[in-house]
Amino acid sequence: MSAAGIAAQFAELALAVLLAPLLTGWVNQCRAWLQNKSAPGILQPYRVLAKLFQKEVILAHNASPLFRSAPYLIFGSLALSAAIVPTLGTDLPLNEAADAIALVGLLALARLFIALAAMDVGTAFGTLGARREMMVGFLAEPALLMVFFTASLISHSTSLSTIVEAIAHRELVIYPSMAFAGVAFVMVSLAENARIPIDNPATHLELTMIHEAMVLEYSGRHLALIEWAASLKLFVHMCIGLALFFPFGIAGGGDWLGLVLALPALAAKLAVGGAALALIEMLSAKMRIFRAPEFLGTAFLLAVLAMLVHVMLEG
Amino acid sequence: MLQHFGPQVINLLAAVLLLLAFAMLSQRRILSLINLFAAQGFVLFLSTALVAALTDQKHLYVSAAVTLVLKVTLLPWILHRLIRRLNVKWDVETLINIPTTMLVGILLVILAFNLAAPISQLAGTVTRSTLGIALASMLLSFMMMITRSKAVPQVIGFLSMENGLFFAATAAVYGMPMVVELGVALDVLVAALILGIFIFEIRERFDTLDTRHLEKLKEH
């Protein structure tokens, strides 16, 4: 662990927390452009957060302490998962503590709390959203794990830093298995972040929504934290994707210049990734909820195929 | 450069071929199925041309060109025309539901990889490991023929099975003799034409393209 590593760790965490709403704003803007609408400003998510933080919190009479503490727990676990993913440098102190499997666990923890909080007040929509979220989650998680295992097979480690170093800092080799894993990962991320084929982030049409149905009871700073956590989740997923599939430009251990150079590289990659996400959302239509198992089953299948292809072609 | 990255790109194309085979297996729409078949043909063309450039075998360029003409343009065009003439745009009906088909597909892939592993040990080419993928995509296309009830997807399954076979011949063992390749290409074209006539005949008799009706030819 070096001074550069500790600096990278703090820079990454601050960057993720501060820039996550910007990424959401960028995706929304791209989507509006593609739909020929006049786009809201790229800073709009910040304005929404500022507005919500100033508003009064209104709680249901039967809300338990869990309901009140859930936003902080969700935000905390997502911020921690953002700190684990190497975005600027690979020499992160936290990497000793948590690997890719722990990362999946942290994401699952956030999902568990949001589902519990949604059921806490006992409204019909909250329960409905929670049940749908858990269905999507239990299908998406194994696929996400399989994607990580494919990367682990290539780099012989489940530590994200080692994976990034193995893929980025070796001579360029084309891994066909990573192509499969990449497609699977995109499908899983779309489902996990409540994006279009599975859920529509812009909808308030009650019967089709998943994420929005769960947070209907929240207001004020709680809602702000949950919205912020949702942006953070998108940011984390995009960073995982960049770390696994396009890890070029991430600095190695003790490399101060690399750390400085990693910042514009990350910004450029995120901008392209956000635009690609908006494009995917534009090109696909929302599925019926009963088609979601098929969609995520396909993602799982592709991730398993990635492992098989690795054994066959690269073993 | 080419010698270093060539085999890797062929491996990548093999993976894309497998991906397309799975996409065809899960595809419900007939027009998308034809487009996927054309895409598979294009991947085959790329890999054949690449093998030709890698091994410097002139006749492989010819078979790449035949692939491009036949499988990327001519056969999809014939199929599109067939669809227009038959005036069918239905969603393809599957006999087993699609998630189950995909799971069986994974088992087939494992089977194919296991079968091919000892054979590819014997081969001397750099890209010998693609044999398993070629075998897997053949088996997947075969399964598509089995699980679809309508005639047109069955024909596409047959044609894409031949794609897998061709890929096995070019990528895994660097090509067959020219005469065999041309013969196979001609056979496929003739088969597509005959199957086209066959489809018209089925519709003439039964007013539908569902091949399950063929079982009723038995005496009652």
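**Helix packing, core and chain contact**

Let's start with a helix pair. In chain A, helix α2, residues 44-54, packs against α9(A) at an angle of about 155 degrees, and their axes are 7 Å apart. An angle over 145 degrees counts as roughly antiparallel, so α2(A) runs roughly antiparallel to α9(A). The crossing of these two helices, α2(A) and α9(A), is left-handed. Bear in mind that this is a predicted model.

Who meets whom here? From α2(A) come P45(A), V48(A), L49(A), L52(A) and F53(A). They meet G220(A), R221(A), L223(A), A224(A), E227(A), W228(A) and S231(A) of α9(A). By class, this contact of α2(A) with α9(A) has 8 nonpolar, 2 polar and 2 charged residues.

Now the core. Which residues of the largest nonpolar core touch the most other members? They are A143(A), V147(A), A184(A) and A303(A), out of 160 residues in that core. And the helix that gives the most to this core is α9 of chain A, residues 220-245, with 17 residues.

Take V147(A) as an example. Leaving out residues up to four places away in sequence, V147(A) touches A181(A), A184(A), F185(A), V188(A) and A303(A). As background, nonpolar side chains in soluble globular proteins tend to be buried together.

Next, the two chains. Chain B puts 19 residues in contact with 16 residues of chain A. On the chain B side, α1 (2-26), α4 (98-122) and α5 (130-147) each supply at least two residues. Of the elements on that side, α1(B) gives the most, with 9 residues. What is the make-up of the side of chain B that touches chain A? It has 14 nonpolar residues, 5 polar and no charged.

Last, two backbone points. Most residues other than glycine have a negative phi. N36(A) is not a glycine, yet its phi is positive, about 65 degrees. N36(A) sits in the loop between α1 (3-34) and α2 of chain A. Buried or exposed, this N36(A)? Exposed, because 6 other C-beta atoms lie within 10 Å.

H156(A) is found in the loop between α5 (124-155) and α6 (160-168) of chain A. H156(A) counts as exposed too, with 9 C-beta neighbours inside 10 Å.

How values were computed
Residues are numbered from 1 along each chain as its sequence is written. Chains are lettered from A and ligands numbered from 1 in the order in which they are written. This is a predicted model: local features need pLDDT of at least 70, side-chain atom pairs count only at pLDDT 80 or more; totals for chains, interfaces and linings use all residues. A nonpolar core is a set of buried Ala, Val, Leu, Ile, Met, Phe, Trp, Tyr and Cys residues joined through C-beta atoms within 7 Å. A residue is buried if 20 or more other C-beta atoms lie within 10 Å of its own, exposed if 12 or fewer, and partly exposed in between; C-beta atoms are placed from the backbone. Helices (H or I, at least four residues) and strands (E, at least two) are DSSP runs, numbered from the N terminus. Two residues are in contact if their C-beta atoms, placed from the backbone, lie within 7 Å. Axes are lines fitted to C-alpha atoms, for helices over the stretch in contact, and angles run from 0 to 180 degrees between N-to-C directions. Angles under 35 degrees count as roughly parallel, over 145 as roughly antiparallel, 65 to 115 as roughly perpendicular and the rest as oblique. A crossing is left-handed if the near helix is turned anticlockwise from the far one by less than a right angle, and right-handed if clockwise. Ala, Val, Leu, Ile, Met, Phe, Trp, Tyr, Cys and Pro count as nonpolar, Asp, Glu, Lys and Arg as charged, and the others, Gly among them, as polar.
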